[in-house]
Structure formats: structure tokens, C-alpha cells
Amino acid sequence: MAFDVIVVGGGIGGAALAGALARGGREVLVLERETRFRDRVRGENLLPWGVAAARRLGILDDLVGAGGILIPWFTNYAGGQVARRRHLPSTTPGADPALNVYHPAMQEALLARAAARGATVRRGATVVALACVDGRPPEVTWVEGGDRRTEVAPVVVAADGRESRARAWAGFEVRREPELLDIAGVLVEEAAAPEDSIHLAFGDGVAMLLGPLGGGRARLYFVCPAAARRPALTGDRRFAAFAEACRATGVPAAWLARVRQAGPLAQFSGAERWVDHPCRDGVALIGDAAASSDPSWGCGLALTLVDVERLAAALGACGSDAEALERWAGEHDAYAGALRRVLDGMDRLVWTPGPEAAARRARVMPRLLAGDPALPDPVGLGPFGPCDDAALGALLGDGEPAAQLGLA
């Protein structure tokens, strides 16, 4: 069979894109290494601007059907006290809540949806090479069941994550921000936090995020500055230390009193990595392969679904595939760059040490928590809210241009 598009990676982004393209009449091949998706420490909070993208893509019901729960509130805590309890449907343009869903269930649902819409899905297919040279269509080679196979297609989309091998094979240059935060995460059971809200709590130089998954299950994250050089919170033996670190943010003791580990505990760097203009020679990157945002702000899933929506629209419009990929890469540079500016500004506001930074937080945080529409809003609007010089200047420097703040 001749394929129009080959998708490397059948996770959230790859499966959602394959379903959208197949529904539009494209012959799509999805190559997914895993025969069964397993729990790993990955994003499970889809913020309202991502829920809006899921709704437009027609996959929101699939995500809810996979066990996802719609979350109407986002609550911030400081020193153990509620700083803001935000009702998301009444404070977002599309009246959208957040959505939390167990990552492997989400992957399975979207991959099944892609197959039902006509995509050819190969599980247990490990991609071993991607060649795109001399102006010829890209060529993908994979191993499946001991057999080695190669296919050529006009478009190859790499959706194989932060450590994308396809990205490296295609010759993309990866940019990376300096190390700022360390983040540890784990799936837990018997969490007693209210399940109508995502909870983000700041303690003394640390933070905790709790995303309910229903029935006492939750994804729990602990965030601290990399410069603190705390012992790594990785592996089962470190769960007690991880839970204690989360309690130290000041959340109600009952929330985590009986909490039990239900998946692997792992710590990772929060440094953003991205590719400028993520297309070349018929190859496009989406999701974390194109831009992995600072996970402490929970924007990764939303950014991936925006990638899917915009790339599917570009490939569905009139014109050549090459023109479509160029158009999409330009759009991606704009919105992913805007999100990077917003999250970098938020990181500097929250995590910069010293008296001057503390005075800035005292000045800006009340406005931010009150929902000042002139300030960035990573939860509700992501890259589609205020992110120009005026917004970033108000966030960090009383009107200083973004270039002077190092955010341009």
C-alpha cells in the first residue's frame, strides 16, 4: 500500500493526528513501538486551551470515555492557604474546564480511534532509521516481529517524544534552556484531595501539583530548583521522601495521610527543549519532539493537541504537502515561541531568589491571582493570551521591554 503520511509514534499526538488525517481521506501508517502502553511519569492534565483543541478535533468524548474527568476548578495555595480558587468554565473564552485522564488509557483510546477511522496501525514496530536526502520523499525503516521493512511517503511526522530519535535522524538542531527546575512525579492511590480541582501548592522554595484522576487516584508532582541539589526522588525506595516533600508544601495533612504509590517514581529536568521551524525535507515534528515545554506548568498536552489541530488543518488545505508543512512550521514557531516566553516569565517570577525578586512577587502575585487580563495566563489561554512586551514587562519589570528581560 502507498501511504500519504507515516507517523512515527502512536502516543497522544501521533494517534490524534493519524485519526484526523485518516478521517480527511489520507492513507496513514502509524508505527508504534509498544504493544501495550504502560504507566510512566507523563502529563495527564489537559488545560482549558487544550480541552478546546480536543473539542475542535472531535476527540474530547473519546478522552472522557477513556476515564477522563472534567475538572472545573484550578486552586492555587501559598504557605498552606488558598490563594485563588479559579472556576475555569467561567474564566475561559470557550467556557472550558480542564480534563485529567490516565495517560496509557488516553493513548489506547486515541490509537483505537485512529484505526477505526482507517489509519493502518502497526504495534510492536520499532523504527530504526529515517532518511530524507537529495530532495526525495522521506524513507522510514522499522523492525517488526523480527522482520525489517521500509516505506516511503511524501510526509513523515515524528511524534516520538522528548528524546525523539527520528528528530535526530532527520538532522534537526535541538535548542535547550538552562537547567532551572527538577520535577519528580508518580501515580498515587488514596489521595484525599478534592477531585473537582487541580491543586498547585507553593511552599518555601518548593511546589507540589496534584491532578485527580478519580476514585482517589491522582498524579502527584514535586518541583524544586535544580540549584538546591536535593537527593534525586527516583525509585520505589524514595517514595516516602517524595511524599514528605509534597506534604512540606503545606497542603492539608489529610490529603496525603494514606497515599500509596501506584506507579513508577521518577525525577527529571524541567528544562525546555525545542526545534526552530520543525519541518524539513518532508519531515515534521509534533508534540515533545518539536517543543517540550517546562512541565511544571502542565502545558505539554495542550501544546501537543494544538500541534495536531494546526498540522492536520494545513495538510487538509489546498496546495502541496511541502507548502502545508512550511505553513504549519511557521505557525508553530509563533505559538510555541509565545508559550516559551510566557512560561519563562512565570518561572522567573516564581523561582528567582533574592529580596528584589521577593518584592516583585509581592507586587505582581496579587494581580496574577486576581486574574488581571493584562497578564499572561498559562492555565486558561496558554500562548493565545497576553504575551507581548507589555504583558511580560508587567509580569517582571514594570514595563521593561521583553528584550531587556531576556524573553524576546
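## Overview of a predicted protein chain

Aspartate 281 counts as partly exposed, because its relative accessibility is 43%, between the 20% and 50% cut-offs. The model in which this residue sits is predicted. Aspartate 281 is found in the loop between β21 (279–280) and β22 (283–285). Apart from neighbours within four places in sequence, aspartate 281 is in contact with Cys132 and Pro138. Glycine 214 is 67 residues away from aspartate 281 along the chain, and the C-alpha atoms of the two are separated by 44 Å.

**The chain as a whole**

The protein chain contains 10 helices and 23 strands. For 408 residues, a compact globule would have a radius of gyration near 22 Å, and the 21 Å of the protein chain agrees with that. Along the principal axes, the C-alpha atoms of the protein chain fill a box of roughly 60 × 50 × 40 Å. Of the 408 residues, 54% count as buried. Among contacts between residues at least 6 apart in sequence, 70% join residues at least 24 apart.

The accessible surface of the protein chain is about 16,300 Å², and carbon and sulfur atoms account for 53% of that surface. On the side of charge, the protein chain has 44 positive and 49 negative side chains. The centres of these two sets lie 4 Å apart.

**Salt bridges**

How many salt bridges does the structure hold? There are 25 salt bridges in the structure.

| Acidic residue | Basic residue | Closest N and O atoms |
| Glutamate 44 | Arginine 219 | 2.7 Å |
| Glutamate 309 | Arginine 56 | 2.5 Å |
| Aspartate 62 | Arginine 113 | 3.1 Å |

Glutamate 44 forms a salt bridge with arginine 219. Are the two partners buried or exposed? Glutamate 44 is buried, since its relative accessible area is 1%, and arginine 219 is buried as well, with a relative accessible area of 0%.

The salt bridge between glutamate 309 and arginine 56 involves two helices. Glutamate 309 belongs to helix α7 (residues 300–316) and arginine 56 to helix α2 (residues 48–57), so the pair ties together parts that are 253 residues apart in sequence. Glutamate 309 counts as buried because its relative accessibility is 17%, and buried means under 20%.

Arginine 113 forms a salt bridge with aspartate 62. Arginine 113 lies in helix α4 (residues 103–116) and aspartate 62 in helix α3 (residues 60–65), so this pair ties together parts that are 51 residues apart in sequence. Arginine 113 is buried, with a relative accessible area of 6%, whereas aspartate 62 counts as partly exposed at 25% relative accessibility.

Salt bridges also link Glu189, Glu190, Arg258 and Arg260 in a network.

**Histidine 332**

Which helix holds histidine 332? Histidine 332 is placed in helix α8 (residues 321–351). This histidine is buried, its relative accessible area being 1%. Leaving aside neighbours within four places in sequence, histidine 332 is in contact with Pro278, Ala290, Ala291, Asp307 and Gly337.

Key: Residues are numbered from 1 along each chain as its sequence is written. This is a predicted model: local features need pLDDT of at least 70, side-chain atom pairs count only at pLDDT 80 or more; totals for chains, interfaces and linings use all residues. Side-chain values use heavy atoms; hydrogens and water are left out. Helices (H or I, at least four residues) and strands (E, at least two) are DSSP runs, numbered from the N terminus. The radius of gyration is taken over C-alpha atoms; the globule rule is 2.2 Å times the number of residues to the power 0.38. Buried means under 20% relative accessible area, exposed over 50%, partly exposed in between (1.4 Å probe, protein chains only). Contact means heavy atoms within 4.5 Å. Accessible areas come from the Shrake-Rupley method with a 1.4 Å probe; for residues, only the protein chains shown count as cover. Lys and Arg count as positive and Asp and Glu as negative; His and the chain ends are not counted. The place of a charge is taken as NZ of Lys, CZ of Arg, CG of Asp or CD of Glu. A salt bridge is a side-chain nitrogen of Lys or Arg within 4 Å of a carboxyl oxygen of Asp or Glu.
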